[in-house]
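Me: Got a structure I'd like to go through with you. Can we take it piece by piece?

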Amino acid sequence: MTDFNRVLIMGTGPASVQLAVLFKKQRESYIGIAGRQSVRSDDFFASLKQNDQHIRVSVQNEKHRNVEGQCTVDRVFTAYSQIEGEWDTLILSVTTDAYIEVLSQIDPVVLKKVRCMVLVSPTFGSNRLVHHFVSELGCGAEVISFSTYCGDTRWMDGHPSNHVVTTGVKKKLYIGSTQNPSERINGLCKMIEQLGMELEVMDSPFEAETRNISLYVHPPLFMNDFSLNAIFGGSDIQTYVYKIYPEGPVTQYLIRDMLRGWKEIMGIIDRLNIRPLNLLQFMTDDNYPVRLQSLSRHDIEEFIYLQDIHQEYLLYIRYTSLLIDPFSKPDEQGKYFDFSAVPFRKMFVNREGQLEIPRMPKEDYYRIKIIQGIARHLGVSCPTIDKFIAAYENKLVQVAQEQRDLPLSGAFRVQTFAEDLNMICEGLEINHQEDML
């Protein structure tokens, strides 16, 4: 019995629509979607109602046709507190910092009947957090972590509706569970394989959660003076996330910090007996490849054994090699696709009328604060991670002071996330004790 008969998806973003179609299409699941009340979700719920709860997924690339489709959602809950009925599986398709906020709004009677919870795009420690929270409620559900969401899905017309488009699909995902072996993992593996993706089962959820490239590249790319000024400053000159200075933030110093940040995270996972990750190989084999004329297989595979300066050199080559898409077709002028031209999004006024911070780096702040807290709990030094956080928090304080006459979202608050860290680290203590036996 692999469950997925009655699947309730938490969240009202584009990914939730894609996941609903996949489970309906491949598992013939009875599908529910639940969300919280907000201006954005109100538009989504209104579109669902107008279209008789019918949803649709289109694709940008024909080779991704396996993920397109349409279906009717069986149940819709416009508030988490309204959820009722029996659901064997909960899919958490919300931001990582909202997991406990969402679960705490659900009737404990409903939660206790859930047999499986799937974290679509968790961060390092999310599985421990959720498992601890539901266990305290008397829920014995298996908690499964993916390394990241399976693709790139957006609203078809740029605003919330019943129609989304998936513009990209990951080559490979990682997955881990609180139960081993797991029949539900086997069921998810079959689903992912039918989509043409590779899925590797890891020894633990923690290990799966380390296989998210955002953990290693987003803090150095976004939490530096150049990028923070681009996001929070008033300049009209457009700059780009992945470009070389002065068009973007990538310098030898940023690359040095990226390398050091990766090594600090490797120090954390070493204390947790998790297999290390070869950063350059992960970047090229699991994310965006470059031509062998730019980076040899030997350098990629031996990366972790090289001296720091050699590693920095190779990481810099990697980013310069992807200024253009090296596998795109050049136009008549010999121009390749401008792969690195991903513009920084600036702070903006959200639909609630508050000054808001873009998803990147807002979500990355939670991720890196959790990593910092775990490091401190384990006694692992992380000066580079501390540097990223200090730069970001100093900018939050500065901008909040400068914009004090405007309504600000909660993202402008300096936070500790202490409650989440306490739950995660209590689990780590249990693991440590088990390892010592």
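Me: Which residues of α1 are buried?
Reply: This is a predicted model, and in it the buried residues of α1 are Pro 14, Ala 15, Ser 16, Val 17, Gln 18, Leu 19, Ala 20, Val 21, Leu 22 and Phe 23.

Me: How many of the residues of α1 is that, and what does it say about the helix?
Reply: It's 10 of the 14, so α1 is largely enclosed by the rest of the structure.

Me: What span should α1 have, and how far apart are its end C-alpha atoms?
Reply: Helix α1 covers residues 14–27, and at 1.5 Å a residue it should span 20 Å. Its end C-alpha atoms are 20 Å apart, which agrees.

Me: What follows α1?
Reply: Glu 28, with a positive phi near 55°.

Me: OK, switching to α5. Which of its residues are buried?
Reply: In α5 (residues 126–136) you've got Ser 126, Asn 127, Leu 129, Val 130, His 132, Phe 133 and Val 134 buried. Just after that helix, Gly 138 has a positive phi of about 90°.

Me: Now the packing. At what angle do α8 and α10 pack?
Reply: About 140°, and the axes are 9 Å apart. Here α8 is residues 214–222 and α10 is residues 252–271.

Me: Is the crossing left-handed or right-handed?
Reply: Right-handed, as α8 passes α10.

Me: Which residues meet there?
Reply: From α8 it's Leu 215, Tyr 216, Val 217, Pro 220 and Leu 221, and they meet Leu 254, Met 258, Trp 262, Ile 265 and Met 266 of α10. By class, that contact has 10 nonpolar residues, with no polar and no charged ones.

Me: Next up, Ile 424. Where is it?
Reply: Ile 424 lies in helix α16, residues 418–436.

Me: Buried or exposed?
Reply: Ile 424 counts as buried, because its relative accessibility is 1%.

Me: What is Ile 424 in contact with, leaving aside its neighbours within four places in sequence?
Reply: Gly 125, Arg 128, Leu 129, Ile 370 and Ile 374. That Leu 129 is also one of the buried residues of α5.

Me: And how far is Ile 424 from Tyr 253?
Reply: They're 32 Å apart, C-alpha to C-alpha, and 171 residues apart in sequence.

Note on methods:
Residues are numbered from 1 along each chain as its sequence is written. This is a predicted model: local features need pLDDT of at least 70, side-chain atom pairs count only at pLDDT 80 or more; totals for chains, interfaces and linings use all residues. Side-chain values use heavy atoms; hydrogens and water are left out. Helices (H or I, at least four residues) and strands (E, at least two) are DSSP runs, numbered from the N terminus. Buried means under 20% relative accessible area, exposed over 50%, partly exposed in between (1.4 Å probe, protein chains only). Contact means heavy atoms within 4.5 Å. Axes are lines fitted to C-alpha atoms, for helices over the stretch in contact, and angles run from 0 to 180 degrees between N-to-C directions. A crossing is left-handed if the near helix is turned anticlockwise from the far one by less than a right angle, and right-handed if clockwise. Ala, Val, Leu, Ile, Met, Phe, Trp, Tyr, Cys and Pro count as nonpolar, Asp, Glu, Lys and Arg as charged, and the others, Gly among them, as polar. The expected span of a helix is 1.5 Å times one less than its number of residues.
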